[in-house]
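Subject: Structure handover

Hi,

Here is the structure I said I would pass on. Please open it alongside this note.

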Amino acid sequence: MSESVALDPVDLHILRLLQNDARTTYRELAAEVGVAPSTCLDRVARLRRAGVILGHRLRLDPARLGRGLEALLLVQVRPHRRELIGPFVERIRALPESRALFHLTGPDDYLVHVAVAGTADLQRLVLDEFTARREVARVETRLIFQQWECGPLLPPVRDARTAAGPPPQPDAPGP
């Protein structure tokens with residue numbers, strides 16, 4: 001697990017804006033948060049170096065790409081041993097239908113989010129790519145009727161009574 005990074009209100013504002021629109025320019029960010037564009041650039045660079053900002057992604061609509069049926073597959077692997085897990089994970093991640101893969105606790109070992117053209121493709125995927133594998137003991141399928149994105153992921157609000165962390169560091173001078 002990584003350690004959390006100290007973020008001040010300006011950092012949090014920048015992150016909130018970028019999460020809602022990663023194409024926002026530094027000039028627009030700077031104007032919105034009330035800092036100079038060079039300061040904004042430095043802060044975003046620092047957030048990248050610290051691993052807070054991991055990258056930028058293009059979101060595609062699976063239905064418009066001919067994959068209008070999405071499902072969650074609960075997969076149980078037996079035996080659950082490291083030498084089987086690596087190849088299983090690599091194979092599932094390489095499938096064009098796979099959208100996300102989660103390693104879980106509990107009775108199911110993996111949750112796989114998939115997008116396919118229809119029920120015949122989902123059946124083929126489950127039978128040919130999952131249950132045909134020796135290590136897969138069981139697959140349970142849940143169709144996704146609708147999904148929503150939630151708000152930006154920001155650190156939890158710290159209770160002022162219990163946390164008085166270090167004061168925020170001033171921006172480093174620009175070049």
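This is a predicted model: local features need pLDDT of at least 70, side-chain atom pairs count only at pLDDT 80 or more; totals for chains, interfaces and linings use all residues.

Residues are numbered from 1 along each chain as its sequence is written, and side-chain values use heavy atoms, with hydrogens and water left out.

On confidence, the mean pLDDT (the predictor's confidence in each residue, from 0 to 100) of the protein chain is 89, and 89% of its residues reach 70 or more. Residues 160–170 are a stretch to treat separately: pLDDT stays under 50 there, and the model has four contacts (heavy atoms within 4.5 Å) for them beyond four places in sequence.

Now the sheet. Helices (H or I, at least four residues) and strands (E, at least two) are DSSP runs, numbered from the N terminus. Strands count as paired if DSSP finds at least two bridges between them. Four strands make an open sheet in the order β2-β3-β1-β4, with antiparallel pairing. The edges are β2 and β4 (136–144), each with a single partner strand, so one side of each is left without a neighbour in the sheet. On average, neighbouring strands of this sheet are turned by 20 degrees against each other, direction ignored.

Going strand by strand, β2 (residues 98–103) pairs with β3 (residues 110–116) over five bridges, and L101 stands opposite V112 in β3. These two strands form a hairpin with six residues between them; in the turn, G106 has a positive phi of about 100 degrees. β3 also pairs with β1 (residues 69–77), in the antiparallel sense over seven bridges, and here L111 in β3 is the bridge partner of L74.

Helix α5 (residues 119–130) lies across β1, β3 and β4, and runs at about 20 degrees to β1. Axes are lines fitted to C-alpha atoms, for helices over the stretch in contact, and angles run from 0 to 180 degrees between N-to-C directions.

Lastly, the helix pair. The axes of α1 (residues 9–20) and α2 (residues 26–33) come within 10 Å and cross at roughly 130 degrees. That makes α1 oblique to α2 (angles under 35 degrees count as roughly parallel, over 145 as roughly antiparallel, 65 to 115 as roughly perpendicular and the rest as oblique). In the contact, V10, H13, I14, L17 and L18 of α1 meet L29, E32 and V33 of α2.

Cheers
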